[in-house]
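Let's take a friendly tour of a protein and its DNA partner. Have the picture open as you read, and look for each residue as it comes up.

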Amino acid sequence: MILSQEFYHRDTIDVAKDLLGKVIVRVVRGKILSGMIVETEAYRSKDDPGSHAYRGMTERNRVMFGEVGRSYVYFTYGNHYCLNLVAKDDSTAAGAALIRAIEPLQGIELMRKFRKISDIYNLTSGPGKLTKALDITKDQNAVDVTKKGELYVTEGRRIDESQVIAASRIGINLGLDKKWRFLIKDNQFVSKKVRL
DNA sequence: CACCCGATTATCT
DNA sequence: GATAATCGGGTGT
């Protein structure tokens, strides 16, 4: 069951939290790669100095201002791509949830080839790692993830509120007061760094 | 396990 | 010209 556009048409923070346990599906060369989301971060707009959208729309972030339920993929640090899902309610102009880590489910051998490593706990435990494992690049920017295609998101396991940890977001200097990083308690596949 | 640092380039000021 | 929603390798504890 693919998540509908309605799922993404809510406060970015709620969507980021509710994405835990959902499954990302990536189809490459006819093969299916998938993994359960175990860690996310919410990025809003005018109220969030840590967000790309804080200073308004630019060529890079324009997808964050567009239709919900689409992917926002950007390139950073000269090496890596990061995958976000556009999500927001009508009270704000832009917003997206960064997918920080997934637990590999299907197509693990192909992921190992893309990552050139074998350790399953290191395969998709970080935003730059999981895009490499799923062969996601700028070509997958602005893809509609509410429809079956090369990239979409389905229902997965229900995660109880008591299993969700909220923490400060990683890799930013502004907006650290906001606890908008969400991860599944005791999951082995989250990215290691924890700043509370 | 914790901290430090270089790589590498699109994007913004 | 500076910075960055990162990673992996290196060193030290």
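## Lys-116, out in the open

Lys-116 is exposed, because its relative accessible area is 71% and anything over 50% counts as exposed. Bear in mind that this is a predicted model. You can find Lys-116 in the loop that runs between helix 3 (108-115) and helix 4.

Why mention that? Most residues other than glycine have a negative phi.

Now move to the loop between strand 3 (71-76) and strand 4 (80-86), where Tyr-77 is found. Is Tyr-77 buried or exposed? With a relative accessibility of 68%, Tyr-77 counts as exposed. Tyr-77 also has a positive phi, near 55 degrees, although it is not a glycine.

A polar atom of its backbone is 2.4 Å from a base oxygen of DNA strand B.

## Around DNA strand B

Which residues surround DNA strand B? They are Arg-55, Thr-58, Glu-59, Arg-60, Phe-75, Tyr-77, Gly-78, Asn-79 and Lys-138.

Next, look at which parts of the DNA face the protein. Among the atoms of DNA strand B within 4 Å of the protein, 71% belong to sugar or phosphate, and the rest belong to bases. Two side chains illustrate these two kinds of partner. In Lys-138, an N or O atom of the side chain is 2.9 Å from a phosphate oxygen of DNA strand B. In Asn-79, a polar side-chain atom lies 3.1 Å from a base nitrogen of DNA strand B.

## Thr-146, tucked away

Our last stop is Thr-146, in the loop between helix 4 (127-133) and strand 6 (151-154). Is Thr-146 buried or exposed? Its relative accessible area is 16%, and the cut-off for buried is under 20%, so Thr-146 is buried.

What does Thr-146 touch? Leaving aside residues up to four places away in sequence, Thr-146 touches Ile-2, Leu-3, Ser-4, Gln-5, Tyr-8 and Gly-69. There is a side-chain partner too: the side chain of Thr-146 makes a polar contact of 2.6 Å with the side chain of Asp-144.

Technical notes
Residues are numbered from 1 along each chain as its sequence is written. Chains are lettered from A and ligands numbered from 1 in the order in which they are written. This is a predicted model: local features need pLDDT of at least 70, side-chain atom pairs count only at pLDDT 80 or more; totals for chains, interfaces and linings use all residues. Side-chain values use heavy atoms; hydrogens and water are left out. Helices (H or I, at least four residues) and strands (E, at least two) are DSSP runs, numbered from the N terminus. Buried means under 20% relative accessible area, exposed over 50%, partly exposed in between (1.4 Å probe, protein chains only). A polar contact is a pair of N or O atoms within 3.5 Å; within protein, one must be able to donate a hydrogen and the other to accept it, and residues adjacent in sequence count only if both atoms are side-chain atoms. Contact means heavy atoms within 4.5 Å. A residue is near a molecule or strand if one of its heavy atoms lies within 4 Å of it.
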